Amino acid sequence: MYHKISCIIPSIDGTSGGNVEKLKEQLKRQTIAPFEVIVIIGVSPNGKARNEGVKKASGDFYVFIDDDVSLGNDKVIENLISPFLERTDVGMTGPSQLIPDDSNWFQKLSAKQVPRSLFPIQKELVDSDMVSHMCLCMPAKLFKDVGWENPDIIAGTDPDLRHRTRKAGLRVCVVPDTWAYHPMPETFTNLVRLAYAKGRNSAPVRFK
């Protein structure tokens, strides 16, 4: 069965140092390529940007990808979609998370020390909190049924969307043989700033 896939990429400047164009090229080469790639520029926070992307999208599946991510191979989208076509208990899928091979020494060291920075490639479907907006897939109807993104969360939208998906009785899973690269902050100062922003802005969030 043919499915229309909308890929939504929030980006502050629309380039992310040239990575957005590289990501678009990777998406074109996918064995199941999105029929539309929507880049939302200059809208924050990211949850609000993703909602703006959904308003423009017409696919029956959404793939959200951060603008600094690169895909691990040409079957990422196909593998993210597969569980939805084979079963009825999955609500959200994502790839394993690695850091780019050209990461500097600090990025490699901090990835080993900072929780949730790495998740090894899996051989089977695994329930995991490592599914994040770094790269995730959801059916369009489910995304809207659980209430879209919370546009008020400045950072830390991942736990909120996972929670609402599970509350709907569905699994959140990392898919097998699938990965994407997500860079760590390049310096200690940048890492501290990111950790502070996520902690400060996630603290007011309360699950119902």
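The questions and answers below walk through a predicted model of one protein chain.

Visitor: How many helices and strands are there in the chain?
Guide: The chain has 208 residues, of which 49% count as buried. Its secondary structure is made up of helices and strands, and the count comes to seven helices and eight strands.

Visitor: What share of the contacts with a separation of 6 or more comes from residues 24 or more positions apart?
Guide: Contacts here are heavy atoms within 4.5 Å. Among those in the chain with a separation of 6 or more, the share from residues 24 or more positions apart is 78%.

Visitor: Is the pair of Tyr-62 and Phe-143 stacked or edge-to-face?
Guide: A pair of aromatic rings is described by the distance of the centres and the angle of the planes. For Tyr-62 and Phe-143 the centres are 5.7 Å apart and the planes stand at 85°. Planes over 60 degrees apart count as edge-to-face, so the pair of Tyr-62 and Phe-143 is edge-to-face.

Visitor: How many residues apart in sequence are the parts that this pair ties together?
Guide: Tyr-62 belongs to strand 3 (residues 61–65), while Phe-143 belongs to helix 5 (residues 140–145). Both Tyr-62 and Phe-143 are buried.

Visitor: Is Trp-148 buried or partly exposed?
Guide: Trp-148 forms a tilted aromatic pair with Phe-143, at 6.0 Å centre to centre and with 55° between the planes. Phe-143 has 0% relative accessibility and counts as buried. Buried means under 20% relative accessible area and exposed means over 50%; since Trp-148 has a relative accessible area of 25%, Trp-148 is partly exposed.

Visitor: Which residues do ring pairs link into a cluster?
Guide: By the rule for ring pairs, the count comes to five aromatic pairs. Ring pairs link into a cluster the residues Tyr-62, Phe-64, Phe-143 and Trp-148.

Visitor: Which residue in strand 7 does Phe-61 stand opposite?
Guide: Strand 3 pairs with strand 7 in the antiparallel sense, over five bridges. In strand 7 (residues 135–139), five of the five residues are buried, so the strand is largely enclosed by the rest of the structure. From strand 7, Leu-136 and Met-138 point one way, and Cys-135, Cys-137 and Pro-139 the other way. The residue in strand 7 that stands opposite Phe-61 is Pro-139.

Terms used
Residues are numbered from 1 along each chain as its sequence is written. This is a predicted model: local features need pLDDT of at least 70, side-chain atom pairs count only at pLDDT 80 or more; totals for chains, interfaces and linings use all residues. Side-chain values use heavy atoms; hydrogens and water are left out. Helices (H or I, at least four residues) and strands (E, at least two) are DSSP runs, numbered from the N terminus. Buried means under 20% relative accessible area, exposed over 50%, partly exposed in between (1.4 Å probe, protein chains only). Rings of Phe, Tyr and Trp (its six-membered ring) pair if their centres lie within 6.5 Å; planes under 30 degrees apart count as stacked, over 60 as edge-to-face and the rest as tilted. Two strands pair if DSSP finds at least two bridges between them.
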